[in-house]
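Take a first look at the chain below. We will start with confidence, then turn to the sheet and a pair of helices.

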Amino acid sequence: MSVAGLKKQFYKASQLVSEKVGGAEGTKLDEDFKEMEKKVDVTSKAVTEVLARTIEYLQPNPASRAKLTMLNTVSKIRGQVKNPGYPQSEGLLGECMIRHGKELGGESNFGDALLDAGESMKRLAEVKDSLDIEVKQNFIDPLQNLCDKDLKEIQHHLKKLEGRRLDFDYKKKRQGKIPDEELRQALEKFEESKEVAETSMHNLLETDIEQVSQLSALVDAQLDYHRQAVQILDELADKLKRRMREASSRPKREYKPKPREPFDLGEPEQSNGGFPCATAPKITASSSFRSSEKPIRTPSRSMPPLDQPSCKALYDFEPENAGELGFHEGDVITLTNQIDENWYEGMLHGQSGFFPLSYVEVLVPLPQ
């Protein structure tokens, strides 16, 4: 940094300290500017939280949520995708129903009904895939771009404006000691930054109809999903009712037990019912000696060196969803990522997955 740059940093720091500690007053921005800045701040908070809640609404499973956030990158690399890359719960349920329906066979009413329901659930999973992709591309991505570009740019302009205001106020209070030309340049830069920040905030607030359009796209995608879901479920309900009517109209088959075959016990050969007496096992001195020995203890699992982020399992954890990592009490898991305040991602025995924070004790935390 040049000498002039160091002096400017010193001026700004000195002015900031005098305002925070000494109670000195700086240049006041007009009320319209403050009101605009407040609206932008509220907009930024709204967009950030709505984004997080929308992703959670689409995929409550944290493993699938992580893959959903990667969908845009994948689609740019592979082209337009038709599958988000993670299983939907409807699809998993459908596969389960179809598998057991086939095992029950075609003679079972329940088996045939499971096959019908399983196929419908798989169709629902495809519709849910389309919803996730549609919402990601037409609602989540545009709002994320707003956060990453427009709102970030506004924050940059506001930060620059605050720095130039501090520099101008420092020089203004030392008028006479600071050359007039330097003071004039500081004022011009301050006013220039104020105009740039004001313009960027005005453009954001005036074009908020774009966010309304994106919200409309979210609702349209939901409507389309629910329409298709209702159609699929209506068709399934009709099939099941038809099967119930057909089953009730068929005569019931009565159960007829098979006649029992006579059981010949034969002639008794011994007083104990014909079964030979088993001889008592002989107890040798060597076997008696071994029984008194203590059982050999298997060596406990060695703990890996704690030279990387890791945690220790406090309880057994059985995975219930795809992508989750199961473990037993006492296992030491290598930490690779923190998904949110409740879930970690880690590796154990060569397998990677997600698990809840409440089940483990962190030994070596992830780097900040």
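Across the chain, the mean pLDDT is 81. Of its residues, 79% reach 70 or more.

Two stretches call for care. Residues 73-79 have pLDDT below 50. Beyond near neighbours in sequence, this stretch has 4 contacts in the model. Residues 277-302 also have pLDDT below 50. Here the model shows 5 contacts beyond near neighbours in sequence. Where pLDDT is low, the predicted coordinates should not be read in detail.

In what order do the 5 strands of the open sheet lie? The order is 4-3-2-1-5, and the pairing is antiparallel. Strand 4 (351-356) and strand 5 (360-364) are the edge strands, each pairing on one side only. From one strand to the next, the twist averages 40 degrees.

What holds such strands side by side? Strands of a sheet pair through backbone hydrogen bonds, either parallel or antiparallel.

Begin with strand 1. It is joined to strand 2 by 3 bridges, and the two run antiparallel. Serine 310 stands opposite threonine 334 in strand 2. Strand 1 also pairs with strand 5, in the antiparallel sense, over 4 bridges. There, alanine 313 stands opposite valine 360 of strand 5.

Move on to strand 2 (residues 332-338). It pairs with strand 3 (residues 343-348) over 4 bridges, again in the antiparallel sense. Threonine 334 has methionine 347 of strand 3 as its bridge partner.

**Two helices side by side**

Next, go to helix 5 (residues 89-104) and helix 6 (residues 109-173). How do their axes meet? They come within 7 Å and cross at roughly 160 degrees. An angle over 145 degrees counts as roughly antiparallel, which makes helix 5 roughly antiparallel to helix 6. The crossing is left-handed.

From helix 5 they include Leu93, Met97, Ile98 and Leu104. From helix 6 they include Phe110, Leu114, Leu115 and Met121. Charged residues take part too, among them Glu90 of helix 5 and Lys122 of helix 6. By class, the contact has 11 nonpolar, 6 polar and 5 charged residues.

Conventions
Residues are numbered from 1 along each chain as its sequence is written. This is a predicted model: local features need pLDDT of at least 70, side-chain atom pairs count only at pLDDT 80 or more; totals for chains, interfaces and linings use all residues. Side-chain values use heavy atoms; hydrogens and water are left out. Axes are lines fitted to C-alpha atoms, for helices over the stretch in contact, and angles run from 0 to 180 degrees between N-to-C directions. Angles under 35 degrees count as roughly parallel, over 145 as roughly antiparallel, 65 to 115 as roughly perpendicular and the rest as oblique. A crossing is left-handed if the near helix is turned anticlockwise from the far one by less than a right angle, and right-handed if clockwise. Contact means heavy atoms within 4.5 Å. Two strands pair if DSSP finds at least two bridges between them. pLDDT is the predictor's confidence in each residue, from 0 to 100.
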